[in-house]
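Reader: Before we begin, could you take me through this structure slowly, setting each value against the rule behind it?

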Amino acid sequence: MTSRRQFLALACGTLAARELHAQLDPNIQAKRKAALEAAISKVVGDAPLRVGKVKLDVPPLIDNGNTVPVSVTVDSPMTAAGYVKAIHVFSEKNPQPYVISAYLGPRAGRASVSTRARIADTGRVIAIAELSDGSYWSDSVSVVVTLSACLEDGLI
Amino acid sequence: MARVAVTVPASAKRGEIIEIKTLAAHVMETGFRRTQTGELVPRDIITDFVCTYNGVEVFRAKLHQAMAANPLIAFTTVATESGALQFKWTGDNGYLATHKAEIKVV
């Protein structure tokens, strides 16, 4: 049962929240893009980011963005001479771009990590691998999300 | 209270690549959601995960809000010697969970 008082409090809260968003949102797309680029450049630095070697596995059509299986494998011998130091995963449309940063070494045997992520909206998912020789490789997948995660208040 | 589930093979051949799957029970509250009255729900997530093999770190991960609830992390390592694999999750509000798994290498 919702009392009149509760209803009014809720209505006021919702309106206030919407008001707040109206003030925050006009450049949300540009801000997200800038945040993603900042996050990537924080990982990569000045080194060139090349496409290849990395295989990012995400289902192309996602029913529920709250749990999305994500797996990343990198083509690397994983020996002391050449191995994958880190694997980073980013999502383009999330309120903040980071998903996971995994740090492995030659003892991993195989450069593969799988996890489950939240994906907010239709867009790209990006995986970046940092190799022991200092090079960076990436792969990206465009996904379509029908039920999005984290956006109950319409952040987008 | 901190519940975790880890699968590690009980025994492995020396040099074999083993797959380890870990799961920690945690809501992973993002800090972007609001309550019915419009207040933000504060962030409460697991931020770090470390796996050590006989005291040597073999895998480490930094987690963010975009990880699903009850974060699953699956990775591989080479079975070098018999011993213990230690898992440790740490997070917001002093969250700490540990787990130990024995492995026999033949």
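Author: Let me start with a definition: a residue is buried if 20 or more other C-beta atoms lie within 10 Å of its own, exposed if 12 or fewer, and partly exposed in between, with C-beta atoms placed from the backbone. By that rule, buried residues make up 37% of the 156 residues in chain A, and 30% of the 106 residues in chain B. This is a predicted model, in which local features need pLDDT of at least 70 and side-chain atom pairs count only at pLDDT 80 or more, while totals for chains, interfaces and linings use all residues. Residues are numbered from 1 along each chain as its sequence is written, and chains are lettered from A and ligands numbered from 1 in the order in which they are written.

Reader: Why is Lys53(A) called partly exposed?

Author: Lys53(A) has 18 other C-beta atoms within 10 Å, and this count lies between the limits of 12 and 20, so Lys53(A) is partly exposed. Lys53(A) also has a positive phi of about 65° although it is not a glycine.

Reader: Why is Asn70(B) called partly exposed?

Author: Asn70(B) has 17 other C-beta atoms within 10 Å, which again falls between 12 and 20, and therefore Asn70(B) is partly exposed.

Reader: Where does Asn70(B) lie?

Author: Asn70(B) lies in the loop between strand E5 (56-63) and strand E6 (72-78) of chain B, where helices (H or I, at least four residues) and strands (E, at least two) are DSSP runs, numbered from the N terminus. Under that definition chain B has 0 helices and 8 strands, whereas chain A has 2 helices and 9 strands.

Reader: What makes a set of residues a nonpolar core?

Author: The set must consist of buried Ala, Val, Leu, Ile, Met, Phe, Trp, Tyr and Cys residues joined through C-beta atoms within 7 Å. The largest such core has 59 residues, and Val72(A) is among those with the most contacts inside it. Strand E8 (residues 123-131) of chain A gives the most to this core, with 5 residues.

Reader: Which residues is Val72(A) in contact with, leaving aside its neighbours within four places in sequence?

Author: Two residues are in contact if their C-beta atoms, placed from the backbone, lie within 7 Å, and the partners of Val72(A) beyond those neighbours include Val54(A), Leu56(A), Ile87(A) and Val89(A).
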